[in-house]
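Subject: Handover of a structure and its description

Dear colleague,

Please find below the structure that I am passing on to you.

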Amino acid sequence: MESSSARSGGSTRREATRQKLYEAAVTLIAEQGFSATTVDEIAERAGVAKGTVYYNFASKSVLFEELLRHGVGLLTASLKEAAEQTARAGGSKVDALDAMVRAGLVFIDRYPAFTQLYVAELWRTNRAWQSTLMVVRQEAVAVVEEVLREGVAAGEFSDEIDVQLTAAALVGMVLVAALDWKSFQPERSLDDVHSALSRLLQGRVSGKG
C-alpha cells in the first residue's frame, strides 16, 4: 500500500490536473460552446495528454458537470464565509447580505468565463446535467435564504418577504449586474460596482433614506 504522504502527493497532483482541465474547459466552452469544444482541444489547452482527460473524467459531459459542481461550490463557499465573517464581527443581517454581494462580485471578477457559462446554462433545459445544475444553484441560493430567515426571526426584515424569491433575486442581481459590468462597463472598479449594488440592497436608491 502507498504511504499516507504518497497518497497525499498523488491526490494533490490529481487535483492540480483537474483544476487545469476545469480552466481549459471553461475557457473553451465559453468561447465556442459545449458542442463545438472537443476533448482534444481541452487536453491541448490544459497541456496534458488526451488520455489524462479520460483518466479524470469519463466523458466531456461528465467533465462539464463536475466543472459546474466545482465552480458553484466555490461561489457557495465564498458566500458562506462572507456571512460567517460578518456574524463574527457582530454585523447585522443586512451587513451580511452586503458582504455576500461583494463576495459574489469578487468571485465573478476572478472567474468571469465560468460565470458567463453558468448563467447561459441556467436558461437551457435539455442538458444531461440539468438536475445537477439545479442542485448546485439551490445550494448557493440557500446560503442567502438562511441569512434572510435569520433576519426575519431577529426582526431586521419584514416577515412578509418571500424568502425564496428574494434570495433568488439577490443572487440574480449580482450575476447579471456583474456580467454587465465585465462586458459593457469594464472601466469601473469592483468597489464602484459594489457600492452601487449596496445602495440598491439597502433601499437608498430613491435618495430618501
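This is a predicted model: local features need pLDDT of at least 70, side-chain atom pairs count only at pLDDT 80 or more; totals for chains, interfaces and linings use all residues.

Throughout this message, contact means heavy atoms within 4.5 Å. By that criterion, residues 24 or more positions apart account for 64% of the contacts in the chain with a separation of 6 or more.

Residues are numbered from 1 along each chain as its sequence is written, and side-chain values use heavy atoms, with hydrogens and water left out.

Overall architecture

The chain contains nine helices and zero strands; helices (H or I, at least four residues) and strands (E, at least two) are DSSP runs, numbered from the N terminus. In sequence order the pattern reads α-α-α-α-α-α-α-α-α. The C-alpha trace spans about 60 × 45 × 35 Å along its principal axes.

Of the 209 residues, 37% count as buried, where buried means under 20% relative accessible area, exposed over 50%, and partly exposed in between (1.4 Å probe, protein chains only). The accessible surface of the chain is about 11400 Å², and carbon and sulfur atoms contribute 52% of this surface. Accessible areas come from the Shrake-Rupley method with a 1.4 Å probe, and for residues only the protein chains shown count as cover.

Domains and annotated regions

The chain is divided into domain 1 (12-57) and domain 2 (62-201), with bounds from an automatic or database domain assignment. The C-alpha centres of the two domains lie 26 Å apart. Across the boundary, twelve residues of domain 1 are in contact with twelve residues of domain 2.

Residues 15-75 are 80% helix and 0% strand, with end C-alpha atoms 18 Å apart. For residues 38-57, the figures are 75% helix and 0% strand, and the end C-alpha atoms lie 14 Å apart.

Individual residues

Serine 59 lies in the loop between helix H3 (50-56) and helix H4 (60-88). Serine 59 counts as partly exposed because its relative accessibility is 26%. Its C-alpha atom is separated by 46 Å from that of alanine 153, 94 residues apart along the chain.

Alanine 99 belongs to helix H5 (residues 93-110) and, at 22% relative accessibility, also counts as partly exposed. Not counting residues up to four places away in sequence, alanine 99 touches Ala82 and Thr86. Alanine 99 and proline 186 are 87 residues apart along the chain, and their C-alpha atoms are separated by 22 Å.

Is glutamate 121 buried or exposed? Glutamate 121, located in helix H6 (residues 112-122), counts as buried because its relative accessibility is 1%. Leaving aside neighbours within four places in sequence, glutamate 121 is in contact with Phe64, Arg127, Trp129, Gln130 and Leu133.

Yours sincerely
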